[in-house]
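Have the 3D view open as you read.

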Amino acid sequence: MKLKIGIIGSASGPQTEDPVSIEKAKMVGREVAKRGYILINGACPGIPDIAGMAAKEAGGMVIGISPAFSEYEHVNEYLSPHGHDILIFTGLGFMERDIINIRSCDGIILVSGGIGTLNEFTITYDEGRPLGVLTNSGGISNSIPHIVEELCHRKIPPNMVFDDEPAALLDKLEVAIKTYPLPIHQDGRVKD
């Protein structure tokens, strides 16, 4: 079965206008497609959509997990893109959609990020999912160690990896996924 890589990041705000964040998102999307993986995102505009469209342009498959109840609501009320290969309508709104989004992936990549990305990050962390943080991509990307270690007094789990370069980050994330196929507890133990 193909790996499913989730992309989380800013749906709006200055990060979605930052040329560095945009280019890093495109590089991640192309790299996911190049490796033959499926890209999953929250079916929202901004960084996740930029990565998804780059993956599609590179021949990859993109699945969107929408907060909306229907395509009409997705497009007209959430004002979200619909260029995915597959679009799944949860009808759950943003926060509950994030849980399904994270649980549907073998590994997650954080690019840039704002307040909504923090929600996705905490779900990823609490669920013990492998996470790759694309550092120096804007937003909260460089703040994750500070948030985990200094503000929350927790440890960086062994299945959380960091890198500035998308290809190197995906290499590290692949190792984390293979080494820790089961989620990791917050205390570092493997979940049953």
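Which helix gives the most to the lining of the largest pocket? The answer is α5, with five residues. This is a predicted model, in which local features need pLDDT of at least 70 and side-chain atom pairs count only at pLDDT 80 or more, while totals for chains, interfaces and linings use all residues. Residues are numbered from 1 along each chain as its sequence is written, and side-chain values use heavy atoms, leaving out hydrogens and water.

**The largest pocket**

- About 320 Å³ of space lies in this pocket; a pocket is an open set of points on a 1 Å grid over the protein atoms alone, with protein on both sides within 12 Å along at least five of seven lines.
- The lining has 19 residues, and Ala 11, Phe 94, Arg 97, Gly 116 and Thr 117 lie nearest the centre of the pocket; lining residues have an atom within 4 Å of a point.
- Both α4 and α5 supply at least two lining residues each; helices are DSSP runs (H or I, at least four residues), numbered from the N terminus.
- By class, the lining divides into seven nonpolar, nine polar and three charged residues; Ala, Val, Leu, Ile, Met, Phe, Trp, Tyr, Cys and Pro count as nonpolar, Asp, Glu, Lys and Arg as charged, and the others, Gly among them, as polar.

**α4 against α5**

- Helix α4 (residues 93–103) packs on helix α5 (residues 115–127) at an angle of about 50 degrees, with axes 10 Å apart; axes are lines fitted to C-alpha atoms over the stretch in contact, and angles run from 0 to 180 degrees between N-to-C directions.
- The two helices are therefore oblique to each other; angles under 35 degrees count as roughly parallel, over 145 as roughly antiparallel, 65 to 115 as roughly perpendicular and the rest as oblique.
- Residues of α4 including Met 95, Ile 99 and Arg 103 take part in the contact with α5, where Gly 116 and Ile 123 are among the partners; contact means heavy atoms within 4.5 Å.
- The residues of this contact divide into four nonpolar, four polar and four charged.

**α1 against α7**

- Helix α1 (residues 19–34) and helix α7 (residues 166–179) pack at about 50 degrees, with their axes 9 Å apart.
- Lys 24, Met 27, Val 28, Glu 31 and Val 32 in α1 meet Pro 166, Ala 167 and Leu 170 in α7.
- The residues of this contact comprise six nonpolar, no polar and two charged.

Definitions and conventions: On a 1 Å grid over the protein atoms alone, a cavity is a set of points where a 1.4 Å probe fits but cannot get out, and a pocket is an open set with protein on both sides within 12 Å along at least five of seven lines; lining residues have an atom within 4 Å of a point. Grid points are joined across faces, edges and corners, and a volume is the space filled by probe spheres set on the points.
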